[in-house]
Amino acid sequence: YKSSVDKFYDQSDLKKWAEVSNASTGDILLKYGITDTLTLQGSTGNVGIGTASPSEKLDVNGAIKASGGTLTDKLTISTATDEMLTLNASDNGPVYMSFERSSDRHAYVGFGSSSDSFYIANEESGGNLLFSTAGSERLRINSSGNVGIGTSTPSAKLDVAGGIKSSGSVEIGSSSAEGVILTSPGGSRFLISINNSGELQSASL
């Protein structure tokens, strides 16, 4: 029928209809019953899905999913705004970005609980965390919790391939069985520790 707005119905299901509003707004609406499913604002060009009042070029009220192999190119966000991506939880619970394979979460980044702790988490049993600069790996935390700097195979809680410099005190050990292990030019290894009298002692390993 003809009125201040033009409405077009699906004859097989009268709940499905499109509405073209009057010239004052020029909006195009797709509805199911009384629910707004898609809105194209004539005055702004904004598109709303699940909302009749989109505030941005694309405003979606609900979840978004891309699947079926149709998203073959990368997603680029280009703007002069410094804050380019925002993840906002409407409650005080977790807020994070997850990484999945075949709908199975393998890793996530964000607040995994309601606490103030921020997580960078690899949830795979044999998974590592790698940090690189200039195209080269610099630091690795392996699945056992060992940290390697300059090595990809850390064999101790801290394994450094290279020199170490400290501008403060370094505390090592709490018993005579703990100390500094030194290797002689010939390959012999010695444990250097200190006794209760402050005397250095050496033991061959």
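Is Tyr-108 buried or exposed, and what is its relative accessible area?

Author: The model is a predicted one. In it, Tyr-108 is buried, with a relative accessible area of 11%; the cut-off for that class is under 20%.

The setting of this residue is a chain with 16 strands and 0 helices. Of its 205 residues, 15% count as buried. Among contacts between residues at least 6 apart in sequence, 1% join residues at least 24 apart. The accessible surface of the chain is about 15700 Å², and 52% of that belongs to carbon and sulfur atoms.

The aromatic rings come next. A pair of aromatic rings is described by the distance of the centres and the angle of the planes. A search of the whole structure finds 3 aromatic pairs. In one of them, Tyr-108 is joined with Tyr-96: the centres lie 5.2 Å apart, the planes stand at 50 degrees, and the pair is tilted. Tyr-108 belongs to strand β8 (residues 104-111) and Tyr-96 to strand β7 (residues 95-101), so the pair ties together parts that are 12 residues apart in sequence. Whereas Tyr-108 is buried, Tyr-96 is partly exposed, at a relative accessible area of 35%. Another pair is formed by Phe-111 and Phe-118: with 5.3 Å between the ring centres and 80 degrees between the planes, this pair is edge-to-face. Phe-111 counts as partly exposed, with 30% relative accessibility. Ring pairs also link Tyr-96 and Tyr-108 with Tyr-119 in a cluster.

Rolling a probe the size of a water molecule over the atoms shows where empty space is left. The second largest pocket holds about 440 Å³ of space. By class, 4 of the lining residues are nonpolar, 2 are polar and none is charged.

Thr-39 is located in strand β4 (residues 35-40). Apart from neighbours within four places in sequence, the residues in contact with Thr-39 include Ile-28, Leu-29, Asn-46, Val-47 and Pro-54. From Thr-39 to Gly-50 the C-alpha to C-alpha distance is 8.1 Å, while the two residues are 11 residues apart in sequence.

Note on methods: Residues are numbered from 1 along each chain as its sequence is written. This is a predicted model: local features need pLDDT of at least 70, side-chain atom pairs count only at pLDDT 80 or more; totals for chains, interfaces and linings use all residues. Side-chain values use heavy atoms; hydrogens and water are left out. Helices (H or I, at least four residues) and strands (E, at least two) are DSSP runs, numbered from the N terminus. Buried means under 20% relative accessible area, exposed over 50%, partly exposed in between (1.4 Å probe, protein chains only). Contact means heavy atoms within 4.5 Å. Accessible areas come from the Shrake-Rupley method with a 1.4 Å probe; for residues, only the protein chains shown count as cover. On a 1 Å grid over the protein atoms alone, a cavity is a set of points where a 1.4 Å probe fits but cannot get out, and a pocket is an open set with protein on both sides within 12 Å along at least five of seven lines; lining residues have an atom within 4 Å of a point. Grid points are joined across faces, edges and corners, and a volume is the space filled by probe spheres set on the points. Ala, Val, Leu, Ile, Met, Phe, Trp, Tyr, Cys and Pro count as nonpolar, Asp, Glu, Lys and Arg as charged, and the others, Gly among them, as polar. Rings of Phe, Tyr and Trp (its six-membered ring) pair if their centres lie within 6.5 Å; planes under 30 degrees apart count as stacked, over 60 as edge-to-face and the rest as tilted.
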